[in-house]
Amino acid sequence: MKAGLSEVERAHAIYTRRNLALYDWWVFGFSNRRVWRCETERVLGLYRDHITPNHLEVGVGTGTLPAETLPPPPLRLVLLDIHRNCLDRAAKRLAAFQPERIEGNALEPLALTGPRFDSIALNYVLHCLPGRLEDKAVAVFDRLVPHLQDEGTLFGSTILGKDIQRPPLARTLMALYNWRGIFSNREDSLGGLMEALSQRFRTFNVEVQGCVVMFWGKGLREACRNNRG
């Protein structure tokens with residue numbers, strides 16, 4: 001752990017160019033299958049069901065998931081991430097879609113302009129953010145909801161620290177990641193996520209696979225529509 005870093009900085013300090021070269025193999029190959037027990041194909045299925053030609057990707061990683069599931073251009077694709085290395089790598093991978101890149105923290109006011117989005121993806125982001133799931137879901141969802149169409153869909157995945165069966169390897173790696181500040185999900189619960197979704201969307205769904213919960217919410221509640229300004 002590096003001294004003097006904030007919790008948010010500790011969470012994304014791992015995304016060096018060298019580590020990103022191994023990201024797909026480690027996250028989508030080894031970890032999903034062997035540690036978290038959620039095949040990457042299940043997450044790709046979530047994307048195929050909900051991604052649209054007017055899409056915002058939050059926490060872009062290497063751009064693998066939208067690259068595999070976006071419809072053919074022309075379309076509107078915006079990439080939002082706190083780390084420039086991730087934005088650069090994802091934008092290169094998604095160059096055929098001519099993405100717009102925005103460097104920003106999803107826990108802070110967002111510099112998003114233009115029409116609202118039909119879909120927003122938030123994949124493997126929440127478990128990296130500091131605080132309780134109830135609080136960080138509120139913070140992130142309430143930053144993103146103003147940029148979603150009334151009948152749009154917010155979807156994604158996160159790794160839970162509670163309410164799941166964790167195999168020994170998952171417990172060990174999760175403890176290490178939390179100690180290093182890469183994860184902050186010890187108290188992240190399925191109930192907390194469901195509450196955050198139900199307060200903002202007329203329809204929502206959660207599906208637990210191994211240590212991962214895949215979720216989506218569609219159709220903003222009236223209070224959310226009225227509070228967007």
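**Side-chain contacts and backbone features of the predicted model**

The side chains of Asp188 and Lys136 are joined by a salt bridge, with N and O 3.2 Å apart. Because Asp188 belongs to the loop between α8 and α9 (190-198) and Lys136 to helix α7, this contact ties together parts that are 52 residues apart in sequence. Both Asp188 and Lys136 are buried. The model described here is a predicted one.

In total, eleven salt bridges were counted. Among them is the contact between Arg42 and Glu207, for which the N to O distance is 2.2 Å. This pair also links distant parts of the chain, since Arg42 lies in helix α4 and Glu207 in strand β6 (residues 201-209), 165 residues apart. Arg42 is partly exposed, with a relative accessible area of 34%, and Glu207 likewise counts as partly exposed, at 33%. A further salt bridge is formed by Glu39 and Arg33, whose closest N and O atoms are 3.1 Å apart. Glu39 has a relative accessible area of 36% and is partly exposed; Arg33 is partly exposed at 43%.

Aromatic contacts were examined next. A pair of aromatic rings is described by the distance of the centres and the angle of the planes. A search of the whole structure gave eight aromatic pairs. One of these is formed by Trp25 and Phe30, which are stacked, with 6.3 Å from centre to centre and 20° between the planes. The angle of 20° falls in the stacked class because planes under 30 degrees apart are counted in this way. Trp25 is exposed, at 55% relative accessibility, whereas Phe30 is partly exposed, with a relative accessible area of 29%. The rings of Tyr47 and Phe155 are arranged in another manner: their centres are 4.9 Å apart and their planes stand at 85°, so the pair is edge-to-face. Tyr47 is part of helix α4 (residues 40-50) and Phe155 is part of strand β5 (residues 148-159), so the contact ties together parts that are 108 residues apart in sequence. Tyr47 is buried, with a relative accessible area of 0%, and Phe155 is buried as well, with a value of 0%.

Ring pairs also link Trp25, Trp26 and Phe30 into a cluster.

The backbone shows several features in loops. Pro73 and Pro74 are joined by a cis peptide bond, with omega at about 10°. Pro74 is located in the loop between α5 (64-69) and β2 (76-81). Positive phi values occur at Tyr124, with about 55°, and at Asp163, with about 65°, although Tyr124 is not a glycine and Asp163 is not a glycine. Tyr124 is found in the loop between β4 (117-123) and α7 (133-144), while Asp163 is found in the loop between β5 and α8 (168-180). The surroundings of these two residues contrast in accessibility. Tyr124 is buried, with a relative accessible area of 9%, whereas Asp163 is exposed, with a relative accessible area of 52%.

How values were computed. Residues numbered from 1 in each chain as written. Predicted model: local features only at pLDDT ≥ 70, side-chain atom pairs only at ≥ 80, totals over all residues. Heavy atoms only, no water. Phe/Tyr/Trp six-rings, centres within 6.5 Å; stacked < 30°, edge-to-face > 60°. Buried < 20%, exposed > 50% of the residue type's maximum accessible area, 1.4 Å probe, protein only. Helix = DSSP H or I, 4+ residues; strand = E, 2+ residues; numbered from the N terminus. Salt bridge = Lys/Arg side-chain N within 4 Å of Asp/Glu carboxyl O.
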